[in-house]
Amino acid sequence: MIERVILAKPRGFCAGVVMAIQAVERAARSEDRPVTVYHSIVHNHTVVERLAEEYGVHFVEDLNAVDALPAGGDTVIFSAHGVSPAVRQRARELGLSSIDATCPLVTKVHTEARKYAREGYTVLLIGDSARHQEVLGTSGEAPEQTILVGVLGKSGPGLHDPYTVSVPDPQRLVVLTQTTLSVDDTRRTIEILKARFPALVIPPSEDLCYATKNRQDEVKRIAPAVDAFLVLTSTHSSNGMRLLELAGAECGRAYRLETGADLDALNLEGVRTVGITSAASTPDDLVQDVVARLRALNPALIVSEEGEWEHIEFRQPRKLGPNDAPIRVQQ
């Protein structure tokens, strides 16, 4: 019998996700024809399905598919994960207007990549997958000067091991990171690289976003007090899957849920206290549905929230015509 649920704060939508989703909703309401989003606007199946059903939004992985869409519009929205200059250029070639919903914290990393590439540095970009949209976008800023490095112990196809990666000039080297990685694993990876390449430049401001760090910190804080952790996240959410890994490591028993319906398949035998968190792209109504289902099964359930909410907002992006120059954030 589950007696208590501890809801982590912060959890769920971060400021970048809120900005991106609102950008899609506003464009869908104001445009005469359906809008198209390049890639999932955020990595959550429910969010994508709701936008498609409620607003008729199209999602594509290739801009060349826009012309083939039924009643397709002439506006494309770039997802919160960011895109490469090549994707922006292709949109202009197709005559598409664009709305750049890239998270400003990702844009900051893009700016750093361009800056150091101009100065002749090789960029070591730490990521959890060579195919993750954020990694593709950042590396696309300086593809000839970027080397992809895997997080310690998790190198996959297309990623170099931090212990063995080779560089053209150890004296002109900078490290950047995907924003949604494990804070601890990224720190250890950078330590390895710094030990191998003493001249390695580490930008003064952390590239890991505040929302990623805050959610991981709260999982660490709550984990000792619970018997199991529930993490609501889609499998293709990097920050969500890192929360799941961390919850498992800290608590010893962690489960991933896409929606409340997944509770039926879980074995929570012997669990009395449950922690719950969610990825930065997970709607909080999904969390509340889980709580409601647990309460229905455990009528005396005590539910509490611990931690502090974030109070950060990003301004909405503006629309650019196909002939407008892309907006660049100066450093």
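In this predicted model, the side chains of Arg-272 and Glu-3 meet in a salt bridge with an N to O distance of 2.9 Å, a salt bridge being a side-chain nitrogen of Lys or Arg within 4 Å of a carboxyl oxygen of Asp or Glu. Because Arg-272 lies in the loop between strand E10 (254–257) and strand E11 (273–278), and Glu-3 in the segment before strand E1 (4–9), the pair ties together parts that are 269 residues apart in sequence. Helices (H or I, at least four residues) and strands (E, at least two) are DSSP runs, numbered from the N terminus. Local features need pLDDT of at least 70 and side-chain atom pairs count only at pLDDT 80 or more, whereas totals for chains, interfaces and linings use all residues. Residues are numbered from 1 along each chain as its sequence is written, and side-chain values use heavy atoms, with hydrogens and water left out.

Arg-272 is partly exposed, at 46% relative accessible area, and Glu-3 is partly exposed at 39%; buried means under 20%, exposed over 50% and partly exposed in between (1.4 Å probe, protein chains only). The structure holds 22 salt bridges, among them one in which the side chains of Arg-11 and Glu-305 meet at 2.8 Å, N to O. This pair links distant parts of the chain, with Arg-11 in the loop between E1 and helix H1 (15–30) and Glu-305 in strand E12 (residues 302–307), 294 residues apart. Arg-11 is buried, with a relative accessible area of 3%, whereas Glu-305 is partly exposed at 39%. A further salt bridge joins the side chains of Lys-115 and Glu-119 (3.5 Å, N to O), and salt bridges that share partners join Arg-4, Glu-218, Arg-221 and Glu-306 into one network.

Strand E8 (residues 173–177) is mostly covered, five of its five residues being buried. Leu-173, Val-175 and Thr-177 point one way from E8, while Val-174 and Leu-176 point the other way. Strand E6 (residues 122–127) runs parallel to E8 and is joined to it by five bridges, where two strands pair if DSSP finds at least two bridges between them; Leu-125 has Leu-176 as its bridge partner in E8.

With a disulfide taken as a pair of cysteine sulfur atoms within 2.5 Å, the count comes to zero disulfides. The cysteine sulfur closest to that of Cys-14 belongs to Cys-209 and is 5.9 Å away, too far for a bond. Cys-14 is buried, at 10% relative accessibility, and Cys-251 is buried at 18%.
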